[in-house]
Amino acid sequence: MLIRTDPFRELDRLTHQLLTPQGTLARPAAMPMDAWHEGDTFFVELDLPGVSQDSIDIDVERNVVTVRAERPSRASDAQLLVAERPRGVFSRQLVLGENLDTERVEASYDGGVLTLQIPVAEHAKPRKVEISSKNEGRRAISA
């Protein structure tokens, strides 16, 4: 046999699968994510190992980014010994703040990691406000 089995580990894994919800906001089942802010850009990285770039779909509607991906099922009739990697269609939605420019979202996929770059909207960037005076153009008269 190729894999040495541990019945207690298998029982623990099956119990965890049955009693734990498959994906929560705090711990998604299929698309683990990192997000951070660097300069005027927000970055989001989603792990999608074994997923073809052609099966990834990214939609932006208002301030919601939806990422869908598919890892197809095995087509072979071989008997599976271990099947821990989720298969099928995965989806994750990110609700973005109004301060981000959803018109300029960029995406790249390399080494099983999908990276989204979302710039801060121009209207949300800090800017200097020039101060004017109502007294401009008036001269003081000395008497």
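A nonpolar core here is a set of buried Ala, Val, Leu, Ile, Met, Phe, Trp, Tyr and Cys residues joined through side-chain atoms within 4.5 Å. Keep that in mind for the first stop, and remember that you are looking at a predicted model.

**Stop 1: the core.** Select M31, L46, L48, I56, V67, L114 and L116. These have the most contacts inside the largest nonpolar core, which has 18 residues. Now colour the strands β2, β4, β5 (88–95) and β7 (113–119): each supplies at least two residues of this core. As background, nonpolar side chains tend to be buried together in soluble globular proteins.

Zoom in on I56. Leaving out residues up to four places away in sequence, I56 touches L48, V51, V67, R68, A69, Y109 and L114. Hold on to R68 from that list; we'll come back to R68 at stop 3.

**Stop 2: the hairpin.** Go to residues 33–38 (β1) and 41–47 (β2), which pair in the antiparallel sense over 6 bridges. The two strands form a hairpin with 2 residues between them, and G39 in the turn has a positive phi of about 65 degrees.

Which residue in β2 is the bridge partner of W36? Click on F43.

**Stop 3: the salt bridges.** There are 3 salt bridges to find. Start with R68 and D57, where the closest N and O atoms are 3.6 Å apart. R68 sits in strand β4 and D57 in strand β3, so this pair ties together parts that are 11 residues apart in sequence. Next, select D59: its side chain meets that of R68 in a salt bridge at 2.9 Å, N to O. Together, D57, D59 and R68 are linked in a network. R68 is partly exposed at 34%, as are D57 at 36% and D59 at 33%.

Then jump to D101 and R104, whose side chains meet at 3.2 Å, N to O. Is D101 buried or exposed? D101 is buried, at 15% relative accessible area, whereas R104 counts as partly exposed at 42%.

**Stop 4: a loop residue.** Finish in the loop between β3 (57–61) and β4 (64–71), and select R62. Most residues other than glycine have a negative phi. R62 has a positive phi, near 55 degrees, and is exposed, with a relative accessible area of 74%.

Note on methods. Residues numbered from 1 in each chain as written. Predicted model: local features only at pLDDT ≥ 70, side-chain atom pairs only at ≥ 80, totals over all residues. Heavy atoms only, no water. Pairing = 2+ DSSP bridges. Helix = DSSP H or I, 4+ residues; strand = E, 2+ residues; numbered from the N terminus. Buried < 20%, exposed > 50% of the residue type's maximum accessible area, 1.4 Å probe, protein only. Contact = heavy atoms within 4.5 Å. Salt bridge = Lys/Arg side-chain N within 4 Å of Asp/Glu carboxyl O.
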